[in-house]
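Trainee: Hi! I'm new to this one, could you walk me through it?
Mentor: Happy to, let's bring it up and start with a term we'll need.

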Amino acid sequence: MPTYAYACTACGHTFDAVQSFADDALTVCPECGGALRKQYGSIGVTFNGSGFYRTDSRAKSGGSKDGSASSKTESTTSAKPAAASTPASS
């Protein structure tokens, strides 16, 4: 459940409330009974560490070309033509 920040317009009291998305917003200050307003700040989710950069999903500039070329070379040089078998006649 998300946490919402509220501030009283009358006394300035600020607090956080954990509410469901379906719950109505709070309107009455628990300290003085004044009107509340919901405060909006920075987002509550941050992505830290590696793996969240735009360039991480792209292939390396030389890695994929070298890897595919070497595997093609190996597969063509190691493949030998099948020997034709002819029935022996007596």
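Mentor: A nonpolar core is a set of buried Ala, Val, Leu, Ile, Met, Phe, Trp, Tyr and Cys residues joined through side-chain atoms within 4.5 Å. Keep in mind that this is a predicted model.

Trainee: Got it. Which residues make up the largest nonpolar core here?
Mentor: There are six: Tyr6, Cys8, Phe15, Ala17, Cys29 and Leu36. The elements giving two or more residues to this core are S1 and S2.

Trainee: What does tyrosine 6 touch, apart from its neighbours within four places in sequence?
Mentor: Quite a list! Its contacts include Phe15, Ala17 and Leu36, along with Ala25, Leu26 and Gln39.

Trainee: Switching topic, what's the strand order in the sheet?
Mentor: It is an open sheet of three strands, ordered S2-S1-S3, and the pairing is antiparallel. Strands S2 (14-18) and S3 (36-39) are at the edges with a single partner strand each, so one side of each has no neighbour in the sheet. On average, neighbouring strands are turned by 35° against each other, direction ignored.

Trainee: And how many bridges join S1 and S2?
Mentor: Five, with S1 covering residues 3-8. Threonine 3 stands opposite valine 18 in S2.

Notes
Residues numbered from 1 in each chain as written. Predicted model: local features only at pLDDT ≥ 70, side-chain atom pairs only at ≥ 80, totals over all residues. Heavy atoms only, no water. Pairing = 2+ DSSP bridges. Helix = DSSP H or I, 4+ residues; strand = E, 2+ residues; numbered from the N terminus. Axes fitted to C-alpha atoms, helices over the stretch in contact; angles between N-to-C directions. Buried < 20%, exposed > 50% of the residue type's maximum accessible area, 1.4 Å probe, protein only. Contact = heavy atoms within 4.5 Å.
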